[in-house]
Amino acid sequence: MTRRRSVQLALMLAPAVALIGLLFLYPLFGILKLSLFNPAFTLESFDKLRSSPVAALVMQRTFLLALTVAVLCFVLGYPIAYFLATMRPRWRAFFLYLILLPFWISVLIRTYTWMVLLGREGLVNGALHGLGITDGPVQMLFTGFAVHLAMVQILMPIMILTCFAAMVEIDPQLVKAARTLGASPWKAFATVFFPMSLGGAAAGAIICFILGLGFYVTPALLGGRRNIMLANLIDFEVHQTLNWSFASVLALVLLAATLVLLGLFRLVAPERRLHG
Amino acid sequence: MASTEAGGSKGAAVVFRGLRQVYGATVALEEFTLDVAAGEFLTLLGPSGSGKTTVLNALAGFIDVTSGHIAIDGVPISDLPTEKRNIGMVFQNYSLFPHLDVLGNVAFPLRMRGMAKRPARALARDVLRLVRLEDLGLRMPHQLSGGQKQRVAFARAIVFEPRVLLMDEPLGALDLKLREAMQLEIKQFQRQIGCTVIYVTHDQGEALTLSDRIVVMDKGRVLQVGTPRAIYDAPRTRFVAEFIGTNNVLPIAAGADGTTTIVEGFGPLAVAPPAGARWAALRPEVLRAVTRDGAPGRAATIADVIFLGDLVRYAARCDGGAELVLAERRLPGGGAHPAGTRIAIDVRPEDVVFLRE
Ligand SMILES: Nc1ncnc2c1ncn2[C@@H]1O[C@H](COP(=O)(O)OP(=O)(O)O)[C@@H](O)[C@H]1O
Ligand SMILES: [Mg+2]
């Protein structure tokens with residue numbers, strides 16, 4: 001690269017770098033400072049992280065929830081993406097539109113919608129009762145079930161789109177070639193299509209996992225008291241106990257997990273899309 | 001495998017009867033009837049969109065034809081799924097599996113037939129030796145050159161000893177030099193393994209080089225079937241005459257005395273035209289340019305000279321108005337007529353091909 005070109009590039013990138021520095025790195029540095037100084041240097045909050053049973057439980061629960069949601073998104077989203085990628089292009093745009101539609105509605109509103117659906121007097125209970133399947137209202141709201149359900153619904157479009165993007169890159173002729181070479185439709189899928197789409201699918205699952213780790217509104221509104229997640233615990237430490245130092249440590253845990261996952265993402269994501 | 005019993009396994013005979021394939025308003029293939037002999041190298045030749053790939057798709061089982069049927073060695077195959085037809089296929093863009101190494105690609109058909117990994121890879125290695133790629137077994141497809149990919153695709157398509165090998169413009173993506181080298185190799189491989197090959201190309205030179213027989217197609221129809229020589233020397237239609245090699249096709253009329261043919265813009269020929277003939281086809285190499293005064297033939301002027309090394313090609317305009325292409329063998333150190341030279345063009349009547357349609 002010539003010198004002139006790098007100067008140009010630096011000038012063009014300057015606003016973005018300034019914005020990230022000001023709005024992301026500076027507060028991040030603040031959090032790091034909060035976690036280590038109180039006001040003098042101390043590892044108190046890190047010790048608390050190790051000793052606190054509540055923190056351990058919430059972290060475990062959060063990781064398990066994010067993992068379950070990511071796996072569910074994969075199991076449910078992959079076939080839908082496959083269906084989209086192999087269908088006639090004429091109908092594809094319509095179905096993609098349907099999948100994108102919830103994307104334009106805020107997570108908060110979607111979560112409220114689930115409250116309406118799953119509540120004691122909600123649509124689902126009404127229908128179950130009306131059909132004579134249940135006698136009284138079933139407790140669905142404020143359960144882990146509700147949190148899983150809503151999070152899968154919210155994150156699945158991401159999974160579908162990531163898988164879909166990887167699948168449409170696969171030359172359909174490869175599957176045909178496998179067939180001429182003696183593979184049944186199922187074997188051609190298992191030995192050619194699936195391995196080639198796995199990178200995209202894994203990337204989608206990791207994105208869902210990362211986003212799932214940080215979910216706040218949905219567990220707060222649908223999970224009730226007993227389904228507190230890491231983000232809710234951070235909020236609790238900030239607003240209720242005012243232990244900002246400990247909140248910062250928890251935030252760092254979340255950040256570290258995200259960074260590790262991003263590293264993993266770089267490993268599995270289909271190369272071509274990352275490097276142009 | 002072929003390399004161990006070279007020439008031992010014979011290909012299958014393929015019979016097409018009245019194949020017809022319609023897409024909406026497009027007739028992709030019509031009345032396609034053909035007998036392919038066991039071990040034959042048959043080429044489907046035609047311009048893009050003439051229905052060649054449709055024939056292969058029908059044979060491979062990728063499409064259910066609108067009507068008609070196909071049999072391999074006398075057995076109808078319409079109820080067999082693709083993977084049971086035992087047909088090898090080489091695609092234009094090779095279609096190597098990018099997530100498998102070269103050996104994995106070549107071993108794939110064997111693995112699909114239930115062979116264990118080790119023997120499959122061992123056998124794959126043997127076939128790679130046949131195509132002289134034994135050292136590249138562990139490379140990934142993206143690490144190969146075009147010609148190497150082509151050979152891997154070929155090895156993969158023959159490793160399971162298919163009864164019929166289909167090749168759809170397999171050399172289309174290669175540059176000219178490599179294409180010519182690969183043509184010779186393909187022909188050589190086919191002789192060694194002895195399977196029936198149905199080869200698709202729009203390149204008439206390739207078809208002439210490789211084939212035992214050529215099927216010339218246009219707009220979903222078969223125009224002519226024959227050996228390369230027959231197709232070249234005795235085209236039956238104007239399309240075939242112009243599609244294969246270079247040809248001068250001129251309209252004709254019968255001479256007044258019944259023993260001559262008047263070629264429009266060129267002059268009379270000392271032969272009566274066959275009944276119904278409408279055109280005369282004059283190959284460049286049967287036309288002779290003579291510069292001596294008073295030589296027999298029609299007066300013309302050389303308009304353009306194309307130097308081809310072993311040949312010199314002239315574009316000439318006859319005084320009668322016809323534009324003709326002539327080819328002349330050039331001896332080492334021999335010269336060529338410059339543009340503007342006045343010549344006389346001579347042709348023996350028996351070298352002229354008359355066309356009805
Ligand atoms: N899947 C398809 N849908 C619609 N038309 C098709 C399809 N496949 C082929 N055709 C049409 O059929 C004709 C023959 O196609 P093809 O056999 O691929 O020709 P070739 O291989 O000789 O170039 C073309 O006019 C093409 O547009
Ligand atoms: Mg084609």
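Mentor: Start at Glu169(B). This residue counts as buried, because its relative accessibility is 13% and buried means under 20% relative accessible area (exposed is over 50%, partly exposed in between, with a 1.4 Å probe and protein chains only). Keep in mind that this is a predicted model: local features need pLDDT of at least 70, side-chain atom pairs count only at pLDDT 80 or more, and totals for chains, interfaces and linings use all residues; side-chain values use heavy atoms, with hydrogens and water left out. Residues are numbered from 1 along each chain as its sequence is written, while chains are lettered from A and ligands numbered from 1 in the order in which they are written.

Now look at the backbone. Glu169(B) is not a glycine, yet its phi is positive, at about 45 degrees. Most residues other than glycine have a negative phi. Where does Glu169(B) lie? In the loop between S7 and H5 of chain B. Those labels are DSSP runs numbered from the N terminus: helices are H or I with at least four residues, strands are E with at least two.

Glu161(B) sits in the loop between helix H4 (146-158) and S7 of chain B. Is Glu161(B) buried or partly exposed? With a relative accessible area of 32%, Glu161(B) is partly exposed.

Next, take the strand itself. S7(B) covers residues 164-168, and five of the five are buried, so the strand is largely enclosed by the rest of the structure. Check the faces one at a time. Val164(B), Leu166(B) and Asp168(B) are buried on one side. Leu165(B) and Met167(B) are buried on the other. Both faces are covered.

What pairs with S7(B)? Two strands pair if DSSP finds at least two bridges between them. Strand S6 (residues 87-90) of chain B runs parallel to S7(B), and four bridges join them. Strand S8 (residues 196-201) of chain B is also parallel to S7(B), joined by five bridges. Met89(B) stands opposite Leu166(B). In S8(B), the bridge partner of Leu166(B) is Ile198(B).

How does the chain get from S7(B) to S8(B)? With helix H5 (residues 176-193) of chain B, the two strands make a right-handed β-α-β unit. Point the strands away from you: right-handed means that the path from the first strand over the helix to the second runs clockwise.

Now compare another sheet in the chain. It is an open sheet of four strands, in the order S2-S1-S4-S5 (chain B), with antiparallel pairing. Its edge strands are strand S2 (26-36) and strand S5 (75-76) of chain B, each pairing on one side only.

Strand S1 (residues 14-23) of chain B is joined to S2(B) by seven bridges, and the two run antiparallel. Tyr23(B) stands opposite Thr26(B). Gln21(B) stands opposite Leu29(B). S1(B) and S2(B) form a hairpin with two residues between them, and Gly24(B) in that turn has a positive phi of about 55 degrees.

S1(B) also runs antiparallel to S4(B), with five bridges. There, Val14(B) has Ile72(B) as its bridge partner. Ile70(B) is in this strand S4 (residues 67-72) too. It is buried, with a relative accessible area of 6%. Ile70(B) and Val14(B) are 56 residues apart in sequence, but 7.3 Å apart in space, C-alpha to C-alpha. Setting aside neighbours within four places in sequence, Ile70(B) has contacts that include Val14(B), Phe16(B), Leu59(B) and Ile77(B); contact means heavy atoms within 4.5 Å.

Last, step back to the whole chain. Chain B has eight helices and 20 strands. Of its 357 residues, 49% count as buried. Its C-alpha atoms fill a box of roughly 80 × 50 × 35 Å, taken along the principal axes. Among contacts in chain B between residues at least 6 apart in sequence, 66% join residues at least 24 apart.
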